[in-house]
Amino acid sequence: MRGVLVALPMIALLVSGFVGCGKAPPRGGARGGGTRGTGSEITDAALATYVAPGDLDEYYLFYSGGHSGQIFVAGVPSMRHIATIPVFTPYPGTGYGFDDETREMLGEYSWGDSHHPGLSETDGEYDGRWLFINDNANGRLARIDLRDFKTKQILKVPNISANHGSSFLSPNSEYVTMATRMSVPFPQGTYADVTDYGTTYKGIVAGIKIDPDSGEMSLGWEIVVPPFNYDLGDAGKGPSDGYFFWTCYNSEREFIEGGKLEVTASQRDRDYILMVDWRAAQQAVDAGRARTYAGAPVLDPDTVSGLAWYIPLAKSPHGVDVSPDGRWIVGSGKLSPTTTVFDIEKIKQAIQDGDFEETIDGIPVLTYNSVREAEIPVGLGPLHTQFDGKGYAYTSLFVESAVAKWKLPPYEAGADMNQYVVDKIPVAYNIGHLVTAEGDSRSPDGNYLIALNKLSKGRHLSVGPSIPESAQLIDISGDRMNLLYDAFTEPEPHYALMIRADKIDPIEVYRRDDPEWPQNPDATWAVEDTRVERRGRTVEVWMLAVRSFFSPDVIRVNQGDRVIIHVTNIEQTRDELHGLAINDYNINIVIDPGETKTVTFTADKSGVFAFYCTNFCSALHQEMQGYLLVR
């Protein structure tokens with residue numbers, strides 16, 4: 001009996017631990033910043049993020065990797081790093097950028113600046129099929145297939161300089177956005193001095209079509225716009241479906257050499273949100289109303305009306321976000337302590353009535369007081385807004401290093417707007433973006449928020465002068481926000497998305513007989529089919545890898561030969577990866593179970609070069625090797 005009594009508290013503790021595996025965040029806990037909280041608050045926060053060994057997280061979190069060019073994958077609520085998805089930069093860990101296919105995808109670039117992931121949607125809900133990410137540096141857009149978490153396509157789009165206003169998807173993944181951040185002379189390749197900035201330089205916004213079955217991307221349309229800097233975006237849904245929105249700054253159309261853009265681009269009282277009717281844009285292209293520049297169909301609002309409108313907004317804006325029901329368009333100017341709510345119904349009425357303040361390069365500017373619903377005094381340096389599906393919005397405050405929680409409309413006539421800011425929590429430090437669970441969809445889950453902070457000083461062991469960024473997990477399930485966990489990331493996450501884990505169903509191996517993954521014509525599944533063939537100065541090898549040998553394990557070539565090696569990993573067991581590294585030849589490919597990869601190189605160094613498996617595969621992994629003999 002005494003043994004049973006002793007065991008009861010332990011059982012209770014274990015049960016409380018498993019209940020706290022991220023399924024029901026506590027309504028108490030430490031508030032945030034440097035506050036440590038009481039013992040019970042600390043326990044509640046720890047239980048809320050604890051995922052027991054062998055248990056799985058509730059959400060996937062996809063961080064952008066900034067100038068690393070990659071995407072980082074973590075679990076929520078544990079905040080544990082799970083994987084890195086290589087996109088715009090070679091990644092030796094998976095052999096990305098070394099085999100022929102991924103090397104061709106990367107093209108002439110060895111890096112990219114990934115900023116804003118976007119998930120494919122069906123009826124405004126994340127569907128778990130594809131993940132998109134923009135390259136801010138090189139005018140590119142990439143698509144990752146979430147069945148195997150691999151980059152399948154990188155699309156380079158002409159005329160777009162610094163693709164920042166991306167990757168935001170329409171509610172049924174018809175289009176994903178691109179937009180110029182830093183305007184240049186138009187069309188692409190034109191030279192003009194910066195003294196001609198206001199007239200010769202232009203911006204471009206674009207819609208990239210997505211094939212509904214394959215996900216393949218192709219350019220749908222481009223619209224030439226004034227030389228503002230086009231920043232973040234979002235897609236309408238419900239009553240705002242059919243529209244894309246981008247914020248833009250530098251409406252002064254200025255770039256004065258040595259004049260500091262931070263000053264010259266902040267002279268006017270307001271900048272803008274650009275709103276584009278993407279269906280009208282595609283119809284105009286289909287009707288032959290576009291002109292071709294650098295191979296792209298480009299529409300000019302000066303000659304094609306009904307495509308685009310500007311909505312005035314507080315100056316130097318960053319984020320524009322559409323509420324889950326699609327009615328409220330939320331914009332924030334960094335130099336104003338307010339976030340502005342616009343009503344899509346008022347916007348449509350203003351367009352119908354021709355209620356415009358002016359026209360800029362063929363684009364009407366809607367009358368601010370006609371389309372504005374309210375200005376919410378959220379705090380200093382508002383940037384980006386997310387939603388919880390319960391009628392509340394959450395705005396990041398860069399200057400204040402905080403997150404403000406505020407109520408969406410309706411509002412009482414003549415009410416003091418301060419009353420609608422219901423909570424605020426400090427973060428560490430200088431928050432940029434933030435993300436809530438399923439927060440860009442029609443049905444946010446309303447339990448977790450992650451603050452993506454630019455600084456983290458003093459909150460981790462020192463690693464020298466270059467410190468990691470901070471990602472802080474915050475509980476938003478109750479009336480007040482509560483900090484649960486600090487995590488630290490590789491440089492430099494700009495934005496992230498959180499999707500329920502049960503919406504993604506990755507494969508475990510490439511099945512030999514799976515029609516979803518067509519057989520590679522160069523696959524080799526039996527030792528008797530492996531071979532080496534010479535055609536003139538080209539040597540082609542069909543190789544297989546299996547625990548724990550390569551076949552063939554000796555390749556003989558002459559110096560100067562072009563060598564093509566097709567390697568098939570014939571394993572059909574989960575996680576039985578094999579690698580092929582050739583010493584001193586800078587060759588490193590990783591082949592998943594059932595996969596075939598090809599690498600082509602010139603045997604320009606003579607001698608004997610060992611090759612080996614880089615991925616631990618069995619007790620005889622060390623013995624899995626061979627030789628490249630170059631005569």
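A cavity is a set of points, on a 1 Å grid over the protein atoms alone, where a 1.4 Å probe fits but cannot get out; its volume is the space filled by probe spheres set on the points, which are joined across faces, edges and corners. The model toured here is predicted, so local features need pLDDT of at least 70 and side-chain atom pairs count only at pLDDT 80 or more, while totals for chains, interfaces and linings use all residues. Residues are numbered from 1 along each chain as its sequence is written, and side-chain values use heavy atoms, with hydrogens and water left out.

**First stop: the cavity**

Select Glu121, Phe168, Leu169, Asp234 and Asp440, which lie nearest the centre of the largest cavity among its 15 lining residues (those with an atom within 4 Å of a point). This cavity has a volume of about 120 Å³, and the structure holds 1 cavity of 30 Å³ or more.

Next, select strand E4 (118-122), a DSSP run of E with at least two residues. E4 gives the largest share of the lining, 3 residues. Strand E12 (229-235) also supplies at least two.

**Second stop: helix H6**

Move to helix H6 (residues 278-286), a DSSP run of H or I with at least four residues.

At the N-terminal end, select Asp277, which caps H6 with a side-chain oxygen 3.2 Å from the backbone nitrogen of Arg279. Finally, select Gly288, which follows H6 and has a positive phi, near 80 degrees.

Definitions and conventions
Buried < 20%, exposed > 50% of the residue type's maximum accessible area, 1.4 Å probe, protein only. Polar contact = N/O pair within 3.5 Å; in protein donor to acceptor, adjacent residues only side chain to side chain. 1 Å grid on protein atoms, 1.4 Å probe; cavity = no way out; pocket = protein on both sides within 12 Å on 5 of 7 lines; lining within 4 Å.
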